[in-house]
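Subject: Structure handover

Hello,

I am passing on the structure we spoke about.

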Amino acid sequence: MINTAVELAGIKLKNPVLTASGTFGYGHEYAKYFDLSRLGALVVKTLTLEPRKGNPPPRIAETPCGMLNAVGLENPGAAYFVREILPDLKQYPVPLIVSIAGCSVDEYATMARLMTAAGSIDALEVNISCPNVKAGGIAFGTVPEMAAEVIRAVRLNTDLPVIAKLTPNVTDIAGIAVVVVEAGADAVSLINTVTGMVIDIERRRPVLANQVGGLSGPAVRPIAVRAVWQVYRAVKVPIIGMGGIMEGRDALEFMLAGAQAVAVGTANLVNPTAADDVVRGIEEYLESHGISDVNELVGAAHGKGE
Amino acid sequence: MSFIVDAEITHNRKVAEGCYNLTFRAPEITGSAQPGQFVHLRCGPTLDPLLRRPLGIQGVKREQELVQVLYQIVGKGTRLLTAFEPGGRVNVLGPLGRGFTLPAGARRAALIAGGLGIAPLCFLYEELAEQGIAVEVFHGVRSAGQVSAHDLIPDGRVLMASDDGSLGYHGSVVKMFEDHIGLETFDFFFATGPSPMLRALGKLAEQHNLPGQVSLEERMGCGIGACLCCNCRTKDKDEDGWRYSRVCADGPVFPVEEVVWP
Ligand SMILES: Cc1cc2nc3c(=O)[nH]c(=O)nc-3n(C[C@H](O)[C@H](O)[C@H](O)COP(=O)(O)OP(=O)(O)OC[C@H]3O[C@@H](n4cnc5c(N)ncnc54)[C@H](O)[C@@H]3O)c2cc1C
Ligand SMILES: Cc1cc2nc3c(=O)[nH]c(=O)nc-3n(C[C@H](O)[C@H](O)[C@H](O)COP(=O)(O)O)c2cc1C
Ligand code: FES
């Protein structure tokens, strides 16, 4: 009997495969293609206090083995989510992780309170890649003090496990991980998208209406694996690794680098059953390599006593 | 309901310069496909290009379980499609999106297409003809030699327009249609094509109070309504008067009066 179950900040997951926020909607679009209870956990699109329209089109540009997106956190807002979407999500027998964001520390705190009060949510993922309006739009997650302040505010307003989602657009991602853990994060997830741009040489303008966007997909995978490796050496809390996971073998790279769990993102856009395929790929690897427990792989690439 | 199918390719033939007809067997798709819906194709097993490509359904042959699409080479993805050979497989997700709907009581319809926008209108033409609705087709192309409604709908009433005057009316298909609405009356129109053409048609429809539906295009990610990458503006009751809709799931077909043109 092979064990694929992992524990993440006190939540028991039947396997280490999650969905990456923003690439899986609120779940039901994908329920038509596979049984969502196959997932370790469901992570939904980031929510903010008020509804947001997001950026004008075009919001997407393809790049070699990747894509840029500038959706701009379009979402229906916290109240609508709790009233209209959450009751529906409860039907899926799978742990639910809600991603929250804000343009101020107060908004993060309010979101944490509202989502905790809503019930039936297993953990909060805090998307700290958002611009801080008071600090002239610098992303919270790029300045250690600002990142810590957000996590502290969320920690004070919830008893749910808090997962800090880190941006790779920093010089020292391990340093950010250390301060958010000190501020109370029970786990960290990484990486969010890598900032980038594509220019249309005929129009001589950026392709995206927002000009810059976030790069994701296989093109970013080595950046993400390296980030997980560094963060694993810097903090003790569990890591959720993501960035370009298309199949089981990609997920295993992340686990070997130190991720306790993984999330499938852009691959869902290419193939609606991608997350399920990753679950199966991990199972097959364990079987074919005679490994009885997936937890044995976590961090194994670091070797012993190094 | 939509499906992921590794469909067997039966044809992949050049039908005009840079333009191909791809046919594949997919009973899951022929079973429920409606005119105006699209399929989302992988261009091959490689990671570059990564994303699927949306193509409108040109027609289905239900008895033979065949789906037809018509595509134009514009970039890497569509160029890769040309390498597909009969007997091989293409990974298809579909049918997707909301197609055309026929308003009750419509007796005379105009179908207006720009370029390869004619493809999904071929499928619609068949359905309308079956229901005994009188249809006139207005099709605009760049010049003679491109795929034309004359060839695709040989038994239909077709008027062609070309940008260079080498085929039919010299000028835009919207202008040709405008000249016509003085001569004939239509209860309804259905239109597909590039966005500048649809925008011009939208303005015309507003001036003449013409009801109709338009099929919009936007770059897509998932194609199933989850990633929010394919947004377009539609009218709404909120203070701004508009909201973003998803071309892939709320469309691609929208009532013309609901679209807020860029
Ligand atoms: C609902 C829908 C139905 C469509 N039906 C057809 C059809 O029946 N026949 C057909 O030939 N084409 C159709 N298209 C357009 C087709 O999807 C694009 O031409 C194709 O994706 C381009 O891929 P590429 O890799 O060859 O080009 P790329 O190298 O990706 O891009 C080349 C150029 O094509 C344009 N483009 C790229 N992706 C899209 C896209 N998803 N939608 C619109 N433009 C795009 C861009 O402006 C870009 O400059 C449809 C698009 C949509 C959204
Ligand atoms: C279309 C799209 C939308 C996204 N939206 C969000 C979001 O709302 N919140 C968030 O934390 N991350 C968001 N992300 C980032 C992903 O969750 C993930 O961190 C990143 O894409 C890297 O993983 P991937 O390469 O597997 O996609 C989005 C990514 C994409 C492609
Ligand atoms: S392409 Fe993903 S929502 Fe339309």
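In chain A, Ile240(A) stands opposite Ala261(A), a residue of strand S18(A). Please keep in mind that this is a predicted model.

That pair belongs to the following strands. Strand S17 (residues 239-242) and strand S18 (residues 261-264) of chain A run parallel and are joined by three bridges. Both are part of an open sheet of eight strands in chain A, with the order S3-S18-S17-S12-S11-S8-S7-S4 and parallel pairing. At the edges are strand S3 (17-19) and strand S4 (42-43) of chain A, each of which pairs on one side only. Helix H9 (residues 274-288) of chain A packs on this sheet, where it touches S3 and S18 of chain A. The direction of H9 makes about 170° with that of S3(A).

Now to chain B. Strand S2 (residues 19-25) of chain B is mostly covered, with six of its seven residues buried.

Which strands are joined to S2(B) by seven bridges and run antiparallel to it? One is strand S1 (residues 3-16) of chain B, and another is strand S5 (residues 66-72) of chain B.

Regards

Note on methods: Residues are numbered from 1 along each chain as its sequence is written. Chains are lettered from A and ligands numbered from 1 in the order in which they are written. This is a predicted model: local features need pLDDT of at least 70, side-chain atom pairs count only at pLDDT 80 or more; totals for chains, interfaces and linings use all residues. Side-chain values use heavy atoms; hydrogens and water are left out. Buried means under 20% relative accessible area, exposed over 50%, partly exposed in between (1.4 Å probe, protein chains only). Helices (H or I, at least four residues) and strands (E, at least two) are DSSP runs, numbered from the N terminus. Two strands pair if DSSP finds at least two bridges between them. Contact means heavy atoms within 4.5 Å. Axes are lines fitted to C-alpha atoms, for helices over the stretch in contact, and angles run from 0 to 180 degrees between N-to-C directions.
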